[in-house]
Amino acid sequence: MAASSDQGSSGAPKPVPGSYGLPMIGAVRDRLDFYYFQGQDKYFESRVERYGSTVVRMNVPPGPFMAKDPRVVAVLDAKSFPVLFDMDKVEKKNLFTGTYMPSTSLTGGYRVCSYLDPSEPTHAKVKQLLFSLLLSRKDEVVPTFRSNFSSLLATVESELAKSGKAEFNKLNDVTSFDFIGEAYFGVRPSATELGSGGPTKAAKWLIWQLHPLVTLGLPMILEEPLLHTFHLPPFLVKGDYKALYKYFSTAGKHALDTAEGLGLSREEACHNLLFATTFNSYGGLKVLFPGLLAQIASAGEKLHERLVAEIRGAVAEAGGKVTLAALEKMELTKSVVWESLRLDPPVKFQYGHAKKDLQIASHDGVFQVKKGEMLFGYQPCATKDPRVFGATAREFVPDRFLGEEGSKLLQYVYWSNGRETESPSVDNKQCPGKNFVVLVGRLFVVELFLRYDTFTATVDKELLGASVVFTGVTKATSGPGS
Ligand code: HEM
């Protein structure tokens, strides 16, 4: 499907349609629509429909009393969305979580990298630190991933033998936490004083920052006052944070030396390492792997057969080893990972304040936005835009990004807060973990199909993404995985 041009605009700029309703009341009503009456996707889609525009004014949660101003201009198609990546057009200060900001007492009193605009000097220093860390550990990623996730799959098999099912998300939480610690710092968190408590402490600390944006499935009358109206008090999670901090200050010694060389204090760097590892990386993998597994499980045996052939073929050619060169040859595997990131991006909301009066072009028109207004993107609307991805925009098409035609669509994959064809830098806000994430996504698929010919699983929804339960695996009958 031909993608429409991102440039050019037709006609004179129009005011952005939409409505915020009455002050306070409108925002609370919309919050209830978002969580309970309509649900996330419907909330946005129904407003696009009502106003006949993919650039549209609306309130976003949480609203009162946590957000000073819930009003946004939403950009909900593939063409207008990238305005959020343009650092000349938007300022990204203190808006990582959107219209509210969690207390900095949850991050040692510091505004960590995700909340910094590239115009702030600390942004470049911390981002450089993360680039250096990832680069210095690049040779450790493949072996560390394989040892951690092959042991996860061995547990899946023993649970299946015992009870006929294995809950993937629980196992993934424990494994991903140890994997990241070992991959970044060479020290498994579970082998330190933290013991097996790391993932639970991390999850609790994440909830303290994200509760305004989630529903736990409790009755509205409980969730509204508890989760969506006031901040949970930071002191209740202080002990957990302290225990996590201790791990980073010891295991991260090498990275902290690098940080000092970049002009950061060890303390500020350590709070940043904790955040990038625990919130950005662990929080990301908690959603990424279940999402990817869910798509592959639902796609069924035909896709499994093709992945088995590709993966085992490339590994056999590489002398039975999973090398970076072998991974590069697995084009279907790569396309599957991108397709999963497109269809179900793990981080769905992006924000930015207009730096100046702007004109934003959608497929249908050009809209005028004033300096200071909050722009907001709900990514699934943009990455499922039928004007770019055609009639199958809402379907999982494993081959979507194959070949020359397929690769032209990569510019419309936005999961990293930037185009998949662009790279993160100290001057932009694109995810510094971009290559790492696509690499571990591919490694995950490789591990599965070196070990299994096929598998079955049930898929459901949970807090931030999919929940997957394995119900059966067929062990490999041929090739390097058998
Ligand atoms: C930023 C997604 C993994 C570190 C971002 C943003 C997104 C994102 C959407 C932009 C947020 C915004 O400003 O609006 C993801 C997803 C991941 C993932 C979906 C996994 C599935 C990682 C990893 C790291 C990381 C492994 C490790 C270094 C960061 C940092 C930022 C960021 C530090 C802030 C960038 C800046 O300030 O310039 N990520 N990320 N992320 N991510 Fe990731």
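Trainee: How many nonpolar, polar and charged residues does the shell around the ligand have?

Mentor: Ala, Val, Leu, Ile, Met, Phe, Trp, Tyr, Cys and Pro count as nonpolar, Asp, Glu, Lys and Arg as charged, and the others, Gly among them, as polar. Here the shell has 13 nonpolar, nine polar and three charged residues. Please bear in mind that this is a predicted model, in which local features need pLDDT of at least 70, side-chain atom pairs count only at pLDDT 80 or more, and totals for chains, interfaces and linings use all residues. Residues are numbered from 1 along each chain as its sequence is written, and side-chain values use heavy atoms, with hydrogens and water left out.

Trainee: Which residues are the closest to the ligand?

Mentor: A residue is near a molecule if one of its heavy atoms lies within 4 Å of it. In this model 25 residues surround the ligand, and K92, H123, K127, K429 and C431 are the closest. Helices (H or I, at least four residues) and strands (E, at least two) are DSSP runs, numbered from the N terminus. Helix 3 (121-136), helix 10 (266-299) and helix 17 (434-451) each supply at least two residues of the shell.

Trainee: Which protein atom is a donor to the iron atom of the ligand?

Mentor: Donors are N, O and S atoms within 2.8 Å of the metal (3.2 Å for Na, K and Ca); water is not among the atoms, so sites may look incomplete. The iron atom has a single donor from the protein, SG of C431, 2.3 Å away. C431 is found in the loop between helix 16 (403-407) and helix 17.

Trainee: At what angle do helix 11 and helix 13 pack?

Mentor: Axes are lines fitted to C-alpha atoms, for helices over the stretch in contact, and angles run from 0 to 180 degrees between N-to-C directions. Helix 11 (residues 301-317) and helix 13 (residues 331-343) pack at about 130 degrees, with axes 8 Å apart. They are therefore oblique to each other; angles under 35 degrees count as roughly parallel, over 145 as roughly antiparallel, 65 to 115 as roughly perpendicular and the rest as oblique.

Trainee: Where is the cis peptide bond that ends at P62?

Mentor: The bond from P61 to P62 is cis, with omega near 10 degrees, and P62 is in the loop between strand 2 (55-59) and strand 3 (71-75).
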